[in-house]
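Please examine the sequence and the three-dimensional structure shown here before reading further. The account after it is intended for a reader who meets this structure for the first time.

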Amino acid sequence: MKRQQENEINCLSGLNLAELEDFAHSLEMPAFRGRQIHSWIYEKYAGSFDEMTDLPAAARELLKEKAKVPLLELKHLQVSKDGTRKYLFALPDGQLVESVLMRFADRKTISACVSSQVGCAVGCTFCATGYLGFKRNLTSQEIVDQIMSMQRESELRIANIVFMGQGEPLLNCDEVIKSVHTIIDSVKIGGRHITISTSGIIPGINRLAKEHLPITLALSLHAPDPQTREQIVPITKKFPLHELIPALRNYESVTKRRLTIEYVMLAGVTDTVEQAKALCDLVRDLHCNVNLIPFNPIEDSTGKQIYERPSRQSQEKFKSIVERSGRTVTIRLERGTDIDAACGQLHNKMLNKN
Ligand code: SAH
Ligand code: SF4
């Protein structure tokens with residue numbers, strides 16, 4: 001890290017151990033001060049230097065002058081009846097991102113959904129983030145501090161991370177991979193509890209295969225036929241299904257990890273019996289679970305409702321056809337529907353207000 005400028009305020013939450021040691025060094029403190037700060041941030045969720053009581057008073061004063069703990073600023077928090085907490089955070093340059101903390105009644109553990117970009121360039125037609133367009137990539141620190149900010153605010157320990165917030169993680173590979181290392185090493189969430197979801201960026205999938213990260217890869221497939229997929233996930237034109245499926249097979253054979261296939265259910269567009277059968281054929285050679293996601297209604301940029309969610313009956317019918325091919329199929333439990341929990345929705349609403 002560059003030697004710190006005299007009056008520059010540094011934010012420390014979200015940095016890894018080496019970066020915190022470098023920071024301590026830049027203030028002419030011994031490296032172990034960096035380790036102490038690291039343990040206060042990641043083990044005790046400290047949000048200020050005053051809480052770091054085993055640091056000498058003079059060191060705390062110097063730190064207060066030169067740095068801050070949190071990087072992100074909480075702009076808005078919505079709490080759902082089901083316990084889901086949806087956060088809107090401001091980044092240092094004022095851009096906004098969303099993160100969601102989810103509690104499931106049938107599970108003890110808490111999961112969190114993080115954003116990897118401001119907006120998204122992929123432009124899926126059913127996704128509120130797609131309508132925002134692409135603004136910029138997040139840094140690893142901005143990704144990790146979403147998790148720490150949620151833990152500090154809620155005082156809850158997060159056990160699972162999904163990269164299913166705003167943005168396409170595999171169009172921001174360097175920072176996403178760096179953040180995964182910090183999540184494993186500093187936040188102490190094991191790779192088996194981290195899922196990266198992608199719309200199908202083949203170079204990113206190949207890169208992840210080489211990194212050998214012990215994470216789960218989720219592919220947002222959404223349609224088994226090229227025509228429908230091109231229509232709803234426009235990146236299909238660049239990364240077609242006939243190249244994507246072999247890339248997934250390669251990922252699977254290199255990493256020996258089971259994939260998750262995500263499939264958004266749009267009434268009359270992706271939920272037909274033919275598509276359920278075609279989905280089974282397409283993923284025949286993959287070891288994967290299938291997660292059906294009932295469409296979470298959003299409006300397009302003109303305020304028009306687009307797509308409809310299929311009835312429960314047609315969701316179940318689709319599920320049973322795919323199950324007959326021997327796969328484990330789940331229908332995603334909806335969380336926080338009373339608080340705009342679909343990614344990009346809160347962000348859009350706040351932008352429209354301002
Ligand atoms: N860009 C990545 C990860 C973020 S989106 C990806 O596309 O995989 C996370 C998941 O939410 C994706 O499967 C996406 O297709 C789904 N999703 C987005 N908008 C949705 C909506 N309105 N209803 C249901 N699922 C949605
Ligand atoms: Fe981007 Fe994922 Fe939304 Fe598609 S679904 S626009 S890839 S965030």
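The structure is a predicted model, in which local features need pLDDT of at least 70 and side-chain atom pairs count only at pLDDT 80 or more, while totals for chains, interfaces and linings use all residues. Residues are numbered from 1 along each chain as its sequence is written, chains are lettered from A and ligands numbered from 1 in the order in which they are written, and side-chain values use heavy atoms, with hydrogens and water left out.

The protein chain is divided into domain 1, residues 10-68, and domain 2, residues 73-353; such bounds come from an automatic or database domain assignment. To their contact, domain 1 gives 14 residues and domain 2 gives 12 residues, where contact means heavy atoms within 4.5 Å. The C-alpha centres of the two domains are 34 Å apart.

The size of an interface is often given as the accessible area lost when the parts come together. Between domain 1 and domain 2, about 1,000 Å² is buried, and 53% of this lies on carbon and sulfur atoms. Buried area here is the accessible area (1.4 Å probe) that two parts lose on being put together, summed over both. On the side of domain 1, S13, Y42 and Y45 supply 56% of the area buried against domain 2, more than any other three residues.

Side chains of opposite charge can pair when their charged atoms come close. A salt bridge is counted when a side-chain nitrogen of Lys or Arg is within 4 Å of a carboxyl oxygen of Asp or Glu. The structure holds 17 salt bridges, and the count between domain 1 and domain 2 is 1. E19 pairs with K178 in a salt bridge whose closest N and O atoms are 2.7 Å apart. Because E19 belongs to helix α1 (residues 17-26) and K178 to helix α6, this pair ties together parts that are 159 residues apart in sequence. Helices (H or I, at least four residues) and strands (E, at least two) are DSSP runs, numbered from the N terminus. E19 is buried, with a relative accessible area of 18%, whereas K178 is partly exposed at 31%.

Together with E61, D50 and K64 are linked in a network of salt bridges.

How do K86 and E98 meet, and at what N to O distance? Their side chains form a salt bridge of 2.7 Å. K86 lies in strand β4 (residues 85-90) and E98 in strand β5 (residues 96-103), so the pair ties together parts that are 12 residues apart in sequence. K86 is buried, with a relative accessible area of 0%, and E98 is buried at 3%.

Attention now turns to the ligand site. Around ligand 2 are C120, V122, G123, C124, C127, G130, G167, E168 and S199, each having a heavy atom within 4 Å of the ligand. By class, this shell has 4 nonpolar, 4 polar and 1 charged residues. In this scheme Ala, Val, Leu, Ile, Met, Phe, Trp, Tyr, Cys and Pro count as nonpolar, Asp, Glu, Lys and Arg as charged, and the others, Gly among them, as polar.

Most residues other than glycine have a negative phi. K188, however, has a positive phi near 65°; K188 is in the loop between α6 (173-187) and β10 (194-198) and is exposed, with a relative accessible area of 56%. K256 also has a positive phi, of about 60°, although it is not a glycine. K256 lies in the loop between α9 (241-255) and β12 (259-265) and is exposed at 69% relative accessibility.

Finally, A209 lies in helix α7 (residues 202-211) and is buried, at 4% relative accessibility. Leaving aside neighbours within four places in sequence, A209 is in contact with N250, Y251, V254 and T255.

Conventions
Buried < 20%, exposed > 50% of the residue type's maximum accessible area, 1.4 Å probe, protein only.
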